[in-house]
Amino acid sequence: MSPKEDETIKIYTGELLSEQKPLYFLRGIFQKNYDNGKHLWNLFQGVSEDASFDFLQIVGGPAEADFFLMPYDYFSLRKVGGVMVDEYISRLVSLADKNKKKILVFAMADSDEHIPIQNAYVFRYSQYKYKKRENEILM
């Protein structure tokens, strides 16, 4: 069953990086017929089948979006580095700022490193209480 229009979150990702795969639990919104049901993410959610992300709708332009989404692990992207990665992050931040949108960022490592992306909600596995910032959500 598909979500209603008012239950859908419209996201903008910009052009995906060809050399990087989106996070495994988000791949289903980019690739039709992608089965991510056996991944650990779903086991943590207490489900044995694919957790549905059909409430996320990718839109073609920044103005249409409710949020911007960086569909990669932030720490993995920074580790890979390079001009393409730097340009992707910079372009996403710039467009989000211009369109007054928040960016959804995933930090999938056990690191307490600060993520210096303005106007972002950062979803991370862990963080020390004294280092946790207002925009960080622990999963």
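Helices (H or I, at least four residues) and strands (E, at least two) are DSSP runs, numbered from the N terminus. The model is predicted, so local features need pLDDT of at least 70, side-chain atom pairs need 80 or more, and totals for chains, interfaces and linings use all residues. Residues count from 1 along each chain as its sequence is written, and side-chain values use heavy atoms, without hydrogens or water.

Q: Between which strands does the loop with Asn 119 lie?
A: Asn 119 is not a glycine, yet has a positive phi of about 55°. Most residues other than glycine have a negative phi. The loop holding Asn 119 runs between β4 and β5.

Q: Is Asn 119 buried, partly exposed or exposed?
A: Buried is under 20% relative accessible area, exposed over 50%, partly exposed in between (1.4 Å probe, protein chains only). Asn 119 has a relative accessible area of 33%, so it is partly exposed.

Q: What is the phi of Lys 100?
A: Lys 100 sits in the loop between α4 (83–98) and β4. At 75% relative accessible area, Lys 100 is exposed. Its phi is positive, though Lys 100 is not glycine: near 55°.

Q: Is Arg 124 buried or exposed?
A: Arg 124 belongs to strand β5 (residues 120–124). Its relative accessibility is 0%, so Arg 124 is buried.

Q: Which residue's backbone oxygen does the side chain of Arg 124 reach?
A: Beyond its neighbours within four places in sequence, Arg 124 has contacts (heavy atoms within 4.5 Å) that include Phe 75, Asp 112, Glu 113 and Glu 136. Its side chain reaches a backbone oxygen at 2.6 Å, that of Ser 111.

Terms used. A polar contact is a pair of N or O atoms within 3.5 Å; within protein, one must be able to donate a hydrogen and the other to accept it, and residues adjacent in sequence count only if both atoms are side-chain atoms.
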